Amino acid sequence: MLRRFVEVREEEGGAVLWSFLYFFTLMGGYFILKPLRDAMGTAGGVRQLKWLFMATFGVMLVAVPVFSALVSRWPRRRVIPFIYRLFLVQLLGFFVLLKLGVSREWVARAFYVWVSVYNLFVVSIFWSFMADLFASEQARRLFGLIAAGGTAGVIAGLLLVRVLAVPVGPVNLILVALVLLEVSVRCVQRLSRWAHDAHATPSEEGPVGGGILAGLRLLATSPFLMALGFQTVFYTVTSTFLYLLQVRLVDAVAIGEAERTAAFANIDLWVQVVTLGLQTLVTARLLSKLGLVVALAVTPVLTLLGFVGLAVLPSVWLFIGVRSLRGATHYALERPSRELLFTTVGREEKYKAKSVIDTVVYRGGDTLATWIEDGLKALGLGAAGLLLASAPVAGLWLAVSVYLARHPRVRERTQAPAALSTDAQAL
């Protein structure tokens with residue numbers, strides 16, 4: 001059945017299914033928490049989001065060296081389940097505090113920061129694990145289908161929130177996220193056993209080694225990794241501008257935590273439905289013909305056009321369309337292709353430098369975007385002016401994406417565009 005959608009070999013079938021389930025449960029659990037996080041983050045007003053972004057960035061600066069220390073000394077089969085279950089215990093603590101109503105305003109702010117840290121860490125660890133588990137040739141064939149597991153999980157999580165947020169209460173949905181996270185841990189354990197038994201992994205299973213600040217050093221000394229960092233910053237800055245606009249729209253039409261949670265879930269659901277449509281109807285044909293350059297370039301191009309369009313013709317429906325198409329092309333095209341790039345680097349770069357990029361650099365972009373917005377507002381620019389002023393960021397993002405797709409390291413290892421044809425079928 002799998003071979004109808006992707007070129008998967010007999011010995012890879014089990015690993016692909018477990019990876020699909022792993023990403024399904026991981027993203028399903030996160031997107032149960034995300035609308036609740038967004039509702040809590042906006043309860044005290046939109047202006048406080050800047051300080052929540054800064055707090056998240058500060059936590060990342062502490063958490064990343066701790067993660068680097070763990071992967072330096074312990075094998076992945078022990079580190080990943082330990083980190084996930086540590087998050088699980090912390091999430092259970094938030095559930096208890098929210099149910100008891102202890103200092104709800106401060107707990108809500110802490111929960112916003114925690115979820116913002118949690119989602120980047122667990123997803124970054126997932127893709128680091130995938131890049132370590134599968135060789136570049138396997139990644140070209142399999143990452144698309146594995147990424148589709150995340151899309152399916154997102155839709156499932158958002159549907160649960162949409163149906164149950166009001167009658168059951170959004171806080172009670174945390175229990176579902178806890179169960180899904182534990183399933184993710186079991187998937188990691190099964191995949192680790194598969195890698196050990198099949199000897200399919202191209203790398204060692206032991207500790208990564210190196211120092212706890214190696215990720216920063218690698219990022220600062222590698223032009224390729226630095227370009228990946230800039231790509232992340234440009235994506236994050238433009239995403240934050242759209243997110244702040246979305247927050248203001250929801251804040252204007254929804255009253256109460258349950259309504260805000262459902263409203264955020266509805267918007268995210270549209271994004272994922274369009275994503276799944278692109279994955280099944282468009283992506284395969286697009287990638288098989290045009291390759292990695294287009295896969296990485298289409299999202300910044302849509303962002304540039306969408307920002308200009310929203311500035312000229314502001315509309316709620318146009319916003320939903322831009323947000324949906326942008327998010328869909330990111331999840332269906334750009335993200336799997338970006339993760340394929342990490343199969344061309346060593347283990348230390350996969351776990352340490354990638355962790356810095358996906359967490360510290362990402363949340364640093366969030367913080368930078370909020371300060372840029374404040375600065376542009378001080379100059380008297382409204383929403384339209386902000387969108388037009390930030391459009392050049394999308395242009396820089398496009399330039400970096402093209403550079404990465406055409407980098408000699410990538411062309412040598414992925415042989416684009418022909419090698420992407422099987423990955424396109426998976427998408």
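Analyst: Let us begin with a nonpolar surface patch, which is built from residues with over 30% relative accessible area and no salt bridge, nonpolar side chains (Val, Leu, Ile, Met, Phe, Trp, Tyr) being joined within 5 Å, whereas like charges are joined within 9 Å. Here Leu92, Val96, Leu97, Leu100, Val102 and Leu175 make such a patch of about 490 Å², where accessible areas come from the Shrake-Rupley method with a 1.4 Å probe and, for residues, only the protein chains shown count as cover. The model is a predicted one, in which local features need pLDDT of at least 70 and side-chain atom pairs count only at pLDDT 80 or more, while totals for chains, interfaces and linings use all residues. Residues are numbered from 1 along each chain as its sequence is written, and side-chain values use heavy atoms, with hydrogens and water left out.

User: Which helix gives the most to the nonpolar patch, and where is Leu175 placed?

Analyst: Helices (H or I, at least four residues) and strands (E, at least two) are DSSP runs, numbered from the N terminus. The most is given by α3, with four residues, while Leu175 belongs to helix α6. On the scale used here, buried means under 20% relative accessible area, exposed over 50%, and partly exposed in between (1.4 Å probe, protein chains only); Leu175, at 39%, is partly exposed.

User: How many helices and strands are there in the protein chain, and what share of its residues count as buried?

Analyst: The protein chain has 16 helices and zero strands, and 58% of its 427 residues count as buried. A contact means heavy atoms within 4.5 Å, and among contacts between residues at least 6 apart in sequence, 87% join residues at least 24 apart.

User: How should I read a salt bridge, and how many does the structure hold?

Analyst: Side chains of opposite charge can pair when their charged atoms come close. The criterion is a side-chain nitrogen of Lys or Arg within 4 Å of a carboxyl oxygen of Asp or Glu, and the structure holds eight salt bridges. In one of them the side chains of Glu182 and Arg85 meet, at 2.7 Å from N to O. This pair links distant parts of the chain, with Glu182 in helix α6 (residues 174-198) and Arg85 in helix α3 (residues 76-100), 97 residues apart. Glu182 is partly exposed at 21% relative accessible area, and Arg85 is partly exposed at 31%.

User: Which other residue forms a salt bridge with Glu182?

Analyst: Glu182 also pairs with Arg186, their closest N and O atoms being 2.8 Å apart. Both residues lie in helix α6, four residues apart, which is about one turn of the helix, and Arg186 is partly exposed at 46% relative accessibility.

User: Are Glu339 and Arg338, which form another salt bridge, buried or exposed?

Analyst: Both are buried, and their closest N and O atoms are 3.1 Å apart. Salt bridges that share partners join Arg335, Arg338, Glu339, Lys354 and Asp358 into one network. Arg338 is also among the contacts of Thr232 which, neighbours within four places in sequence aside, include Ile357, Val361 and Tyr362. Thr232 lies in helix α8 (residues 223-253) and is buried, at 5% relative accessibility.

User: Which residues does the UniProt annotation "transmembrane region" cover?

Analyst: UniProt positions are given in the numbering used here, with feature names shortened, and annotations may be inferred rather than shown by experiment. The unreviewed entry marks residues 12-31, 51-70, 82-100, 106-130, 142-165, 224-245, 294-320 and 378-405. In the model, residues 12-31 are 95% helix and 0% strand, with end C-alpha atoms 28 Å apart, while residues 378-405 are 86% helix and 0% strand, with end C-alpha atoms 38 Å apart.
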